[in-house]
Each structure stands twice: as structure tokens, then as C-alpha cells.
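Keep the 3D view open as you read.

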Amino acid sequence: MCGIAGFQGPPAPEILDALSASMRHRGPDDHGAVTDGWASIASRRLSIVDLEHGHQPMSTADGRLHIAYNGEVYNFRELREELRGRGATFATESDTEVVLKAYELDGRSAFRRFNGMFALALLDLRSERPELVLARDHFGIKPLYHARVGDRVFFSSEVKSLLSVPGFRARPNEQRLYEYLRWSLHDHDEATFFEGVRSVEPATCLTVRDDGEEVHRYWEPRLSEDGDPSPERFRELFRRAVERRLVADVRVGTCLSGGLDSSSIVCMIAALIREHSPDAASVGEHLETFSAVFPGDPIDERPWIDAVLEASGARGNFVAPDSAEFVRELGDLVWSLDEPVVSSGPYAQWCVMRLAHGRVKVLLDGQGGDELLGGYVPYRFVYLRQLLRQRRFGRLAREGLGRQELRMLAQRFLPRPGRASMNPVRYLRAAFVDGKAAPRDERVTDDLKKRLLLDLTTYSLPSLLRYEDRNSMAHSIEARPPLLDLELVEHALSLPADALMHRGRSRVIFREAMRGLLPALVLRRRTKTGFTTPEMRWLERERASMTGILRSPSFLTRPYWDGAAIADAFEAACEGRMEQSLFFWRVLNTELWLRVFIDRSPATASVRPGRDWESIGDEMAVALAGSVAAATALAGPAPPGRHRFIADGNGRILARSPLDGGPEQMAATLVDGDVVVVAAAAGIDVERLRAAVPDGVTVAILAEPGGSISQPSIESGGGASSRTGLAAVLAAAMADDPMHGAEHHAALRVREVGRLPRPVAAERERRAAGKVEPPGSPA
């Protein structure tokens, strides 16, 4: 496992070094490079197999073929013996050398036979027409991106490393942003959120030559229903898939969510240990599992996890992600994932990978099982429609609907009194939407096997694989998904649909195959959770921080959306006046992605931002305000854990600074037009403060810190208390609860430092005047 990078074009050692250094987290154990006058390749290695002899890039004896390789080919032992029979010799025990020799003998036809996960670059100098060959595994488990910058074609395992390339300018791909914001689609084709950056697609090799590029697809999945539907055959293939992924010269563990897929992997490993499988030695004395739990929350899976641990004898390790930690780590999470994600769910996986770091170096997990075998609830409806289309009414009557399916139908079709509907298109700017093409969506609704294949290759699995790769690699962990074993997948694609669904149960063949190994509690389980977070509950719990983002000047002035309307809608959803929607997460994620990758300079965008995502927004506010007062406020203290700047309903940009000391000390920092908010519980002598402040300064008392955000309990007084718009200033200034640390800062200074650009301010004024339909009103 590693990160690879390089380029075709004139040598540039400093650029190659920067590409490699930007991916140290992917391969902290070793690094290397090969440079030719025509192209250069580099590798960062996370040593897993043959620790002493797997240095990369690896070259043939004649020095005319070189490989930088990320991943594992699990059938390398069988391939090595076959290649030896054809005259190949080997100097190492690594799978990298097997891949190199296979390509040397068979060219790109060798890729079809690799059973594993890989992304590789081959620098082939064996002919007068040199080639740079970039290839990915059958399902795209391992990533690979490419972009042309100047006279070079660059490639890398992560988009963010391309930010270190001189001349590369990070720009958002607005078509992809539209597909994500409007349709919740991403990772469904070769495009990325970065303009000009594309991925090498799964089961594809891209050959770069002087005269251009050639794309070759080396494998196509084939659907049929003529496969062996016996549980025994499925169990045999699953056992082999798990056993292959235990091959390692380092410690191996597994993720455990409590669902069917990860639980089956744990229990199969336990069986292999009992059978003294030689490859199971990599788990050590005890199999270590790693789980995310949410005590007291409806999504907590601890009972099923405990049942698996008891049945398998594995030793459980647990992490309990919480909303406050999530907010603190948002910047690093967004940076690690490279591109926006459909929900906050990947954070749970991020926490699991961090928990495993330093304890194991390889983790098996259940990725791909739902798309392969129909684990998600919507697949039940696809199967029922298929039976209806086939006029199999008897089978249809026996299938029925479970509680989870009925709940999903109710949530989708039954109106909720008092809650307005959320339609994302209402919140996107017309100028942004104009000219954007609706994405092709070929997902069928009445053919289960076709739907599963489309989700496996296009609409579901590719994004999950990106999350897994970035989350694991961010913590120098190799993640291996046994359910994406090539043999197992091809067998599953040959099964009849009735082997997957039966009498209201999904993944029937898998359940039957695991009977006797899985605890009954998991075997009979019909609900589906997986690695996720209690998203909307977290957003509501961290409402103050989220509101600070949604009412920040940077968010409000983006050209993609009506920021004020979205901020109002989010407050309505938190108060139960609007339906909950993942759209809120998508705009929040996009805003942070823009700050982390687009708004920062190239020199800083290639490093983790930490909490700098807040200061990036503040720096943008200063640029929008364009005033000395804003620049001065940026240099001063900020409310703890909040943005310095926020905008009110009239387009004013407000700077907020905590005040300390006695009334006279506070008054000395104030100027005409300032507003001072004092926490009533802080014990400040308000009358002394009012007497000390200059004329034209308003003193407002916050009676209940941390109270209602939409209608804060504030009593105002002082020289400017009757000034027009004071209510709007106070409402905006307190919208994200900036005095949540009132035990440390008893007062807050609010100062107008500028205005939003006129088109945005005018839109906010129309909304404040009631000329635009307010969110939360019935649609």
C-alpha cells in the first residue's frame, strides 16, 4: 500500500519531490523515484508484504520497465508460479515484482487476471515510442487521478498532491458542484470537483504517449442468472476471499459495525484461526476489532457488536464519536477526503481508522457487500417492482414489507403537519443553475440485478471506496474489502435475484452461507446502519457552529446558492418548521471544501488546515468588507470557537470581539456605533459600563446565554438603543451563540466594518421586507 505520483514531460526533481512529500501519510515507511528524460515516477510505501525487499519504484533487470504500485494483488502467489513456469525469475517475495513481471510478459492483458486492489504507473521504455501506463483495479478500490498542466501530464493517488504543482490552479468544477448540490451525485464518472482533474476509471488503463492518450477497458462485468445458488459455494468463495486478505507481514485487524458484512468477516477469521490457517497468523494472538458506537442514540449498534465478539472470541476496541469533536476536526476531515461527501457518515469511519492506528497496519472491512448482494432497504422496493413487472404475484404476496421499509415509505410520502418541504433547487441561484446539464441517471427501478450492478460500478460504491481509501490512508492504514474479491463478485453477478431476496429478507444466500458461524442476533437482523453518524441530531446539537458558517460573509456571497435563505431554512429545520434534509450538510461541506482547497493559497492548501477553516472565512470577510476596521478586527481576538465576522439581515458585516476587564477598561476600546453585549450572569456593573461608554454606543444585556438563537433574550439600552436596525444587528451577532464561553468572556463588542456586495445585500433586504417567501412556510 502506498501513494504514487509522477508526470510525463521534462524532468523536474523539485516537483517530483513535492508530489511525493505531499503523500507521506499514505506511505511513511519508504519512498523512491525514477526519472527518465521522458517521464518521472515516485512512490511512498506503507510496507505490508516482504518488508525488506519491496522498495519502489521497482525496475526490470535491464532498467527499461519501471513500476510505482499502490495496493495488493492477492493471487500473486499463484501468478508467480505460473510466471516461473514461463521462464520468469524473482528476487523478492513481494506482489509488486509479480505485477511487474506479468506486465513485462503479457502487457495490459495482465491486468484482467489480477485479483486485488491496485493503482499503478508503469514507465515503459522498451520501444522507440515510450509509454506511461496508468491502471486501476476492477472496482476502483485504489484511486488514481491525472491532469495536464503546461507541457506535462501529471498523475497522483490524491488530488490534493496536485496542488503542489507549479501552474496548477485549483478551480471548482461547477457542473460537478451542481450535480452534488442538486442531485446528491458524485464519484459517478471520471470528473472530479476540481476543474481539469479526472480519475482513471475502474477496470481501465490510460496510456500516455508523445502523440496523445489512449484509454483501454480491460474488464467488463457480466450479469447472468446461471450461477450456483447454493450457500455452500458462496461460503467457499467468501472463505477464500477473507483468507487471501490475511496475507501480510504485519498485524491485521478488522472493522466491526455489527452489520451482516463486517460481522461475517470477523466470524470467518475466527473460523480460520480455529482451523490453523497459516495466513491467519497475521492477526496475532487475538483478533482485534475496531468499532464506532453511539451510546444512547438510535443508531448505536453495540448489542450486535457484543454478540459477534462473544461468538468469535475477538477483542473489541471502541470509539464514541461526538458532535463537538466532529466540529473540531471538520477541516482535517474535509482535507483528507479530497472532495465533498454525501453525508457526515465518513467521520465515523475516520474515527475508527484513527483508533486502529498504531495497533494494526491492515484492516478488513465489509465495503461492497450491500451493492453486491442487495443490502440497502431501497433494493427491496426494486425487487418488488421486478416481481410486479414479471407478473409473479404469488412471490410478490409472500415478500411483504418489514418495519424499516414501511418507515421509509411513511417518511417519503406522508406529510408532516407544520413542516415545510425542502426542495434544494429553490435555494440554488438561477445564474449558477443556468446552462448546467442534468446528470445521466440510468438507475433502473424494476430489475434488481441491473440496479445492483449500476450501484456497484457507478452510483454508490465508488464514493464509498473514496471515503474508505482517504480515511484509512490519512492514518496510514491499509483497508481491504474481502467482499470485492474478483472471484466472489463474478459469482454474485451470476446468481438469480431470488437468491438475494426471499420472504422479506435481503442477502439471503449470504445469511444461509454464514449459518452456524454468525450469532443468531446478527443472522436474523433486518435493520441497516453501518458506519454513519446521527447527522441531523449532530447538526442541531452544534447549531451555533453551523449557523456561524451559514451566516458568515463568505458563505453568503458564494455564487452557487442563496445563503440567507439556506441559513433561515436551517434554523427552521432545527425548530421543527421544515423537514430535515441532507442538503444542509451538502452546502456546509461545499463551503468548507471551498475554503480548504480553493480559497487557500496553493502552498497551504496541500497541508492539513486544522481549525484554520474558520480563519479562512474571516480572511474572506475582510476582503469583502475592504475596510481598515475589518483588517484591525482580524488581528484581534475572536469569540472562542466562532468566526469573528457575521452578516446581518441588512447586509452589514459585523466584527465581534470579546471584551475583558472592568467597565472602564471595556469602554476605552469602544467607538461611536459599537454595540456591547453583556452576559447578565457575569456580574458586570452594567450601570457603570453605561456611564463609561462614549455617546452612540449601545449596551445590550443578554439575559440567557446559550438560549434561543432565533429570538435571543436581550434587553437593550444606552445612547444608540433606538437606532434603526439594532434588532437585526443583535439577532445576527448572537445567532451562533458567540458567548458560549461567557465564563471566560463576559462581554462582546459588535462593530460594523463593511457591507456585503450590493447584489447579495439587496437580496437579503428583499427577504427582510417580506418580498421573498420565507423558508419554513408551507410549500
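Start with charge. The chain carries 100 positive and 108 negative charges, and their mean positions lie 5 Å apart. Keep in mind that this is a predicted model.

Now the overall build. The chain holds 32 helices and 25 strands. Its radius of gyration is 29 Å, close to the 28 Å that the globule rule gives for 779 residues, so the chain is as compact as a globular protein of that length. Along the principal axes, the C-alpha trace spans about 95 × 70 × 55 Å.

Of the 779 residues, 61% count as buried. The accessible surface of the chain comes to about 29000 Å². Carbon and sulfur atoms account for 50% of that surface. Look at the contacts with a separation of 6 or more: 72% of them are between residues 24 or more positions apart.

Then turn to the backbone. Most residues other than glycine have a negative phi, and most peptide bonds are trans.

Pro-57 sits in the loop between strand 3 (39-45) and strand 4 (58-59).

Find Ser-184 in the loop between helix 4 (174-183) and strand 10 (198-199). Its relative accessibility is 24%, so Ser-184 counts as partly exposed.

Arg-503 lies in the loop between strand 18 (501-502) and strand 19 (505-506).

Terms used
Residues are numbered from 1 along each chain as its sequence is written. This is a predicted model: local features need pLDDT of at least 70, side-chain atom pairs count only at pLDDT 80 or more; totals for chains, interfaces and linings use all residues. Side-chain values use heavy atoms; hydrogens and water are left out. Helices (H or I, at least four residues) and strands (E, at least two) are DSSP runs, numbered from the N terminus. The radius of gyration is taken over C-alpha atoms; the globule rule is 2.2 Å times the number of residues to the power 0.38. Buried means under 20% relative accessible area, exposed over 50%, partly exposed in between (1.4 Å probe, protein chains only). Contact means heavy atoms within 4.5 Å. Accessible areas come from the Shrake-Rupley method with a 1.4 Å probe; for residues, only the protein chains shown count as cover. Lys and Arg count as positive and Asp and Glu as negative; His and the chain ends are not counted. The place of a charge is taken as NZ of Lys, CZ of Arg, CG of Asp or CD of Glu.
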